[in-house]
Amino acid sequence: MTTESIFWADQLAAPVLAYLAWKLHEEGILDLNKPLSDYTAEPFLPGERNLNYITGRSVLSHTSGLPKRKSENGMPTHIEFMPTTTFSYSNYGLLYLQRAMEAATKKDLQTLAEEKIFKPFRMYSSSFVWKADFEDRFAHPHVKGEPLRKGRTEKPNASRYFYTTPTDY
């Protein structure tokens, strides 16, 4: 392992996403106090009556009400509590914020991150998608001494995939 080893660092995606959301807010593209449902064409949770209370601010402060764990179909089915009333981490909140940012800009998360974070900060080995040149530098995770098969994605997902090096991050 070296300082240029690529790590699957999905939980480190949250600060990157937060910085990106703040940049879009500063640019007047994303209002952190506006419901995320105002940005997305498709409802994140069809039929959920409290969805319009979830804002970028509530996602970033972990008060969105969205669950942490997924249901059988891979997506949450309901909001667990009224948004902004309780603190609870939710990776689905990050995914919802990602979708709103993509809808507001008409760009995918990887493109946004490259334009506003990775290139300006010279984070050339950081990505929300797998890159072929990561293969030889990838630090394969292990659980109880056994290699963990890590998926590689071509589609950005802030709640699950983020790759970076110690020197980039």
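**Helices, loops and chain ends in a predicted model**

Ser90 caps the N-terminal end of helix 3, with a side-chain oxygen sitting 3.2 Å from the backbone nitrogen of Tyr92. That is a polar contact, meaning a pair of N or O atoms within 3.5 Å; within protein, one must be able to donate a hydrogen and the other to accept it, and residues adjacent in sequence count only if both atoms are side-chain atoms. Helices here are DSSP runs of H or I with at least four residues, strands are runs of E with at least two, and both are numbered from the N terminus. The model is a predicted one, where local features need pLDDT of at least 70 and side-chain atom pairs count only at pLDDT 80 or more, while totals for chains, interfaces and linings use all residues. Residues are numbered from 1 along each chain as its sequence is written, and side-chain values use heavy atoms, with hydrogens and water left out.

Helix 3 itself covers residues 91–105. From its first C-alpha to its last, this 15-residue helix reaches 21 Å, close to the 21 Å expected at 1.5 Å a residue; the expected span is 1.5 Å times one less than the number of residues. How much of helix 3 is covered? Most of it: 11 of its 15 residues are buried, where buried means under 20% relative accessible area, exposed means over 50%, and partly exposed is in between (1.4 Å probe, protein chains only). Among the buried residues are Tyr92, Leu94, Leu95, Tyr96, Leu97 and Met101, and the list also includes Asn91, Gln98 and Thr105. The cover over these buried residues includes helix 1, helix 2 (56–60) and helix 4. Just past the end of helix 3, Lys106 takes a positive phi of about 65°.

Helix 1 (residues 13–26) and helix 4 (residues 109–118) meet at an angle of about 80°, with their axes 10 Å apart. Axes are lines fitted to C-alpha atoms, for helices over the stretch in contact, and angles run from 0 to 180 degrees between N-to-C directions. That angle makes helix 1 roughly perpendicular to helix 4, since angles of 65 to 115 degrees get that label, with those under 35 called roughly parallel, those over 145 roughly antiparallel and the rest oblique. On the helix 1 side, the residues that meet helix 4 are Val16, Leu17, Tyr19, Leu20, Lys23 and Leu24. Their partners in helix 4 are Leu109, Leu112, Ala113, Lys116, Ile117 and Phe118. Contact here means heavy atoms within 4.5 Å. By class, this contact has 10 nonpolar, no polar and two charged residues; Ala, Val, Leu, Ile, Met, Phe, Trp, Tyr, Cys and Pro count as nonpolar, Asp, Glu, Lys and Arg as charged, and the others, Gly among them, as polar.

Helix 4 also holds Gln110. Is Gln110 buried or exposed? At 6% relative accessibility, Gln110 counts as buried. Leaving aside neighbours within four places in sequence, its contacts include Phe118, Phe128, Val129 and Pro156. Asn157, in the loop between strand 3 and strand 4, has its C-alpha 9.0 Å from that of Gln110, though the two are 47 residues apart in sequence. Asn157 is buried as well, with a relative accessible area of 19%. Not counting residues up to four places away, Asn157 touches Leu95, Gln98 and Phe128, and its side chain makes a polar contact with the side chain of Ser159 at 2.6 Å.

Over in helix 2 sits Ser58, which counts as buried at 2% relative accessibility. The Ser58 side chain reaches the backbone nitrogen of Thr55 at 2.9 Å. Beyond four places in sequence, Ser58 touches Tyr53, Thr63, Ser64 and Thr84.

His62, in the loop between helix 2 and helix 3, has a phi near 55°, a positive value in a residue other than glycine. Lys144 likewise has a positive phi near 55° and lies in the loop between strand 2 (142–143) and strand 3 (146–147). At 83% relative accessibility, Lys144 counts as exposed.

Finally, what does Thr167 contact, leaving aside its neighbours within four places in sequence? Thr167, in the segment after strand 4 (163–164), is in contact with Thr3 and Glu4. The C-alpha atoms of Thr167 and Thr3 are separated by 5.8 Å, despite being 164 residues apart along the chain. The Thr167 side chain reaches the backbone oxygen of Thr3 at 3.2 Å and makes a polar contact, also at 3.2 Å, with the side chain of Thr165. Thr167 is partly exposed, with a relative accessible area of 44%.
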